[in-house]
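The sequence and the coordinates come first.

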Amino acid sequence: MSPYANKPTSGEPTPDASESVPDDISSFTSSSQSGESTCGALNPELDAGHSEEFGELERHGLLTELSRRRFIQASSAAAAFLAFGQPLLAGAQETVNAGSVTLKVNGQSQTLELDTRISLLDALREHMDLTGTKKGCDHGQCGACTVLIEGRRVNSCLMLAFAAEGAEITTIEGLAKTSDPKAIEDLSPVQAAFLTHDGYQCGYCTPGQIISATATITEQQKGELSIVSWQSGQIDRPELSDDEIRERMSGNICRCGAYPNIVAAVRAAAKGASA
Ligand code: FES
Ligand code: FES
């Protein structure tokens, strides 16, 4: 039986407005079930039964109890609608939230139809087949998803893909000197340094580490400062000391603890870049 079968008919007394079923819930549930013959308002037998019940309650001063029951019934109807109507709502949402976006990644532009709420990380991995960028925490805490936007480091899990439209995006796949590197000479200086200095173990954090190290070296060359620069008093184009490297790379976590070799790799790449 429909949970809305006890809807009062027009012939019934109306309970207090403060105790009646809110109009919005009423229309919400009845419109979702339009056409169902089980609705109490369309069922003479049920109507008669409910009028009788209503009369009894009225005689004993229990109208409030009837209203309470109606409220529970209406709440159940709303819950049922939400439970069974959810897939339809979800489908409608997908349509509403879809949009077209053009992303320029590693020099190549691609237009995609995406959910407007998708992160840049998921767009890269799930829709552009660029799986070099890794998902670690998906919360901006590990740095595995680091990419460059206009040369600056960004956690792609925290950025909406649509917010990156029009920007130059660089991922790990775009760092090498050639599109299909075959030898260490084909890699970028930082990639080569990570290989030479064994700057990884499982390699999961490595794409983010390499992207971050690439930006670290560029930032240092531009004379950008870190907290270590201020603490050490080296505020005029500071050298990329080990402390500077550790500080500037501190947003990239390595669960394997390959930090000593990562620092060595960044140091070597920075020296090569400044040589
Ligand atoms: Fe983005 Fe961890 S996956 S910071
Ligand atoms: Fe394994 Fe860094 S090399 S997480």
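## Model and conventions

This is a predicted model, in which local features need pLDDT of at least 70 and side-chain atom pairs count only at pLDDT 80 or more, while totals for chains, interfaces and linings use all residues. Residues are numbered from 1 along each chain as its sequence is written, and chains are lettered from A and ligands numbered from 1 in the order in which they are written.

## Overall make-up

The chain has 9 helices and 5 strands, where helices (H or I, at least four residues) and strands (E, at least two) are DSSP runs numbered from the N terminus. Read from the N terminus, these elements follow the order α-α-α-β-β-α-β-β-β-α-α-α-α-α.

Of the 275 residues in the chain, 30% are buried; a residue is buried if 20 or more other C-beta atoms lie within 10 Å of its own, exposed if 12 or fewer, and partly exposed in between, with C-beta atoms placed from the backbone. Contacts (C-beta atoms, placed from the backbone, within 7 Å) between residues at least 6 apart in sequence join residues at least 24 apart in 61% of cases.

The 5 strands form an open sheet of mixed pairing, in the order 2-1-5-3-4, two strands being paired if DSSP finds at least two bridges between them. Strand 2 and strand 4 are the edge strands, each pairing on one side only, and the twist from one strand to the next averages 40 degrees.

Strand 1 and strand 2 are antiparallel and share 8 bridges, with Gly-99 having Leu-114 in strand 2 as its bridge partner. Strand 3 is joined to strand 4 (residues 152–155) by 4 bridges, again in an antiparallel arrangement, and Val-147 has Val-154 of strand 4 as its bridge partner. The hairpin of strand 3 and strand 4 has 2 residues between the strands, and within this hairpin Glu-150 takes a positive phi near 50 degrees. Strand 3 also pairs with strand 5 (residues 168–170), antiparallel over 2 bridges, and here Leu-148 stands opposite Thr-170.

## Helices on the sheet

Helix 4 lies across strand 1 and strand 2 and runs at about 105 degrees to strand 2, where axes are lines fitted to C-alpha atoms, for helices over the stretch in contact, and angles run from 0 to 180 degrees between N-to-C directions. Helix 6 packs on the sheet by touching strand 3 and strand 4, its direction making about 35 degrees with that of strand 3.

The buried residues of helix 4 are Leu-120, Leu-121, Ala-123 and Leu-124, and their cover includes strand 1 and strand 2 (108–115). After helix 4 comes Asp-129, whose phi is positive, near 60 degrees.

Val-266 touches Ala-213, Thr-216, Ile-245 and Met-249, not counting residues up to four places away in sequence.

## A loop residue

Ile-253 sits in the loop between helix 8 (242–248) and helix 9, and it counts as partly exposed because it has 17 C-beta neighbours inside 10 Å. Leaving aside residues up to four places away in sequence, Ile-253 touches Cys-142, Gly-143 and Cys-205.

Definitions and conventions: Two residues are in contact if their C-beta atoms, placed from the backbone, lie within 7 Å.
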